[in-house]
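Student: I've got a model open on my screen and I'd like to learn how to read it. Could you walk me through it?

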Amino acid sequence: MQNFEFKNPTKILFGKGQIASLSKEIPQDAKVLMLYGGGSIKKNGIYDQVKAALGDKDILEFGGIPANPEYEVLLKALKVIKAEKVDFLLAVGGGSVIDGVKFLASAALYEGDTPWDILTKRIRTEVGMPFGTVLTLPATGSEMNSGSVITREETKEKLAMGGPGLFPQFSILDPEVVHSIPPRQIANGIVDAFNHVLEQYATYPANANLQDRFAESILQTLIEIGPEVLKDPKNYNAAANFMWSCTMALNGLIQKGVPTDWAVHAIGHELTALYGIDHARTLAIIGPSHYKHNFESKKEKLAQYGERVWNITSGTVEEKAQQAIDKTVEFYHQLDVATKLSDYTDNYNNTAQIIFDRFVERGWTGLGEHQNVTPEDVKTIVEMSY
Ligand code: NZQ
Ligand code: ZN
């Protein structure tokens with residue numbers, strides 16, 4: 001097992017009715033800006049619950065943060081924060097709203113002229129403006145981690161940022177919010193969380209028995225309850241297990257002491273930036289090809305995944321590993337998530353070359369747990385995913 005440090009300061013308030021606890025979590029004298037997305041919270045009652053919980057607190061609002069939070073929109077919110085001397089942010093939404101708020105928490109205290117530099121120059125946020133979240137969509141784990149991914153339509157880029165200053169102060173996780181989530185987004189949440197685990201698990205053995213079993217148990221739980229939530233989002237217990245699995249998949253715990261990959265996400269973000277494909281679906285497109293292309297270095301963990309998660313008991317290491325990849329693809333199809341780029345766009349022929357050029361330009365020459373996945377490899381992986 002590798003050495004590690006672990007600190008996760010986010011307070012979680014989990015369960016039915018927890019939105020009502022909101023006001024006691026926000027500092028009494030704070031000047032608060034509440035931010036949300038395209039309006040789903042006004043249709044499903046979450047907006048009303050949040051407003052009721054906030055009582056007579058003086059709260060400003062900023063709505064309209066789109067899926068894949070857009071830099072230009074966030075700059076408008078930044079103006080409000082500065083003009084109104086806001087000092088506490090409240091995100092009510094899914095990963096996009098929470099990530100947008102993390103960018104704002106960083107940009108609000110950033111002293112440079114161009115906040116986009118935080119992303120391109122990979123500036124870590126040591127201290128950010130404090131913020132809390134009310135999660136409306138289980139998927140990304142953003143509610144309990146310090147990462148964020150921001151999109152810029154103008155340049156068709158999607159880049160990550162983070163740092164210890166970007167953990168939420170608190171996150172409210174009420175599984176009843178799952179009631180109103182459309183099937184496409186529920187499937188996205190399952191596939192995103194599943195891939196978060198695989199990025200931190202499908203690498204090479206590191207003698208981290210407990211972390212491996214944490215990871216396997218999250219995968220097993222997602223396989224078990226994913227189809228149940230899809231069938232009936234009002235099934236509270238399925239929704240609760242789904243929600244907590246998504247949070248646990250990316251709150252830092254399972255990655256401690258083990259190597260991590262994240263190449264699937266790096267490549268996937270390009271597909272969202274270029275074609276607007278939902279984040280989780282880009283992972284379903286790239287993941288299987290990535291595991292096939294890097295089969296030799298990943299086969300032991302893939303075989304372990306096959307044995308322990310999919311109950312594949314016979315065959316060689318190679319056969320088990322291969323079957324595990326096939327089972328993964330079947331699972332995505334069972335959730336109605338297509339796994340080829342050509343299922344999403346006709347305009348894919350040049351994609352591998354575009355991503356190759358971008359990675360070379362950014363100096364992303366060694367991805368993956370061994371830092372040996374070159375832009376050439378990335379090109380092959382993307383071509384395999386057509
Ligand atoms: O915008 P509204 O109207 O609220 O609708 C949203 C949006 O259209 C809707 N929705 C959310 N909660 C709902 C609901 N509809 C009905 N009922 C509810 N309760 O769902 C749509 C998608 O929302 P979004 O927030 O975009 O989805 P998700 O949570 O999957 O977030 C995706 C973003 O997170 C980033 C992705 O790259 C992408 O930009 N990620 C963030 C990570 C992190 N910070 O750790 C890690 C992930 O790997 C990922 O990269
Ligand atoms: Zn993800």
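Student: How far apart are the centres of domain 1 and domain 2?

Tutor: Domain bounds come from an automatic or database domain assignment. Here that assignment gives domain 1 (11–176) and domain 2 (182–384), and their centres, taken over C-alpha atoms, are separated by 26 Å. Keep in mind that this is a predicted model, where local features need pLDDT of at least 70 and side-chain atom pairs count only at pLDDT 80 or more, while totals for chains, interfaces and linings use all residues. Residues are numbered from 1 along each chain as its sequence is written, chains are lettered from A and ligands numbered from 1 in the order in which they are written, and side-chain values use heavy atoms, with hydrogens and water left out.

Student: How many residues of each domain are in contact?

Tutor: Contact means heavy atoms within 4.5 Å. By that rule, 25 residues of domain 1 meet 23 residues of domain 2.

Student: Which residues are the protein donors of the zinc ion (ligand 2)?

Tutor: Donors are N, O and S atoms within 2.8 Å of the metal (3.2 Å for Na, K and Ca); water is not among the atoms, so sites may look incomplete. For this zinc ion they are Asp192 (OD), His196 (NE2), His265 (NE2) and His279 (NE2), at 2.0 to 2.1 Å. Aspartate 192 sits in helix α7 and histidine 265 in helix α10, so the pair ties together parts 73 residues apart in sequence. Helices (H or I, at least four residues) and strands (E, at least two) are DSSP runs, numbered from the N terminus.

Student: Are those two buried or exposed?

Tutor: Aspartate 192 is buried at 2% relative accessibility, and histidine 265 is buried at 8%.

Student: And which residues of α14 are buried?

Tutor: They are Thr351, Ala352, Ile355, Phe356, Arg358 and Phe359. These pack against α10 (263–275) and α15 (375–384).

Terms used:
Buried means under 20% relative accessible area, exposed over 50%, partly exposed in between (1.4 Å probe, protein chains only).
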